[in-house]
Amino acid sequence: MKHELVERLTVPIGKRDHILGPENASASLLEYGDYECPFCGAAHTLVKAILESVGDRICFAFRHFPLSNAHPHAERAAEAAEAAGAQGAFWEMHDVLFENQDALDYDDLAEYAA
């Protein structure tokens, strides 16, 4: 069963999204994020706490929204997360990027990927 809110999204949560939890969960949370944004970094901590407390009762989806004009490393960080995702490690890279927001230059991303 889809939620009324999910059905109102222009692009509903689906297979193209990075998802944690069951797609048919009783609640859904969709985040548009930027790995270099300090507000997104603060939200990341809160989202992790929410996910830990509610477990499989929520479907969490993440979509990239790099603000390249304000955050020069955000787009490359999103690309690194996608590259990790192609290897089955999106969420691991996602966490590393948010936990290291002040170190997202090319060499840092290469180190995280290794």
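## The largest pocket

The largest pocket is lined by 14 residues. Nearest its centre lie Ala-80, Ala-84, Met-93, Leu-109 and Ala-113. This is a predicted model. The space in this pocket comes to about 250 Å³.

Three helices, H3, H4 and H5, each supply at least two residues of the lining. H5 gives the largest share, with five residues.

## Helix H4

Helix H4 covers residues 90–99. Seven of its 10 residues are buried, so the rest of the structure largely encloses this helix. The buried residues are Phe-90, Trp-91, Met-93, His-94, Asp-95, Leu-97 and Phe-98. Met-93 is also one of the residues nearest the centre of the largest pocket.

Several elements cover the buried residues of H4. Among them are the strands S1 (18–20), S2 and S3 (58–64). Helices H2, H3 (74–86) and H5 (106–113) are also included.

## Asp-34

Asp-34 sits in the loop between strand S2 (27–33) and helix H2 (38–54). Asp-34 is buried but has no salt bridge. The nearest side chain of opposite charge belongs to Arg-76, 13 Å away. A polar atom of the Asp-34 side chain does lie 2.8 Å from the backbone nitrogen of Glu-36.

Leaving out residues up to four places away in sequence, Asp-34 touches Cys-40, Phe-65, Pro-66, Leu-67, His-71, Ala-74, Phe-98 and Gln-101.

How values were computed: Residues numbered from 1 in each chain as written. Predicted model: local features only at pLDDT ≥ 70, side-chain atom pairs only at ≥ 80, totals over all residues. Heavy atoms only, no water. Helix = DSSP H or I, 4+ residues; strand = E, 2+ residues; numbered from the N terminus. Buried < 20%, exposed > 50% of the residue type's maximum accessible area, 1.4 Å probe, protein only. Lys, Arg positive; Asp, Glu negative; His and termini not counted. Salt bridge = Lys/Arg side-chain N within 4 Å of Asp/Glu carboxyl O. Polar contact = N/O pair within 3.5 Å; in protein donor to acceptor, adjacent residues only side chain to side chain. Contact = heavy atoms within 4.5 Å. 1 Å grid on protein atoms, 1.4 Å probe; cavity = no way out; pocket = protein on both sides within 12 Å on 5 of 7 lines; lining within 4 Å. Points joined across faces, edges and corners; volume = space filled by probe spheres on them.
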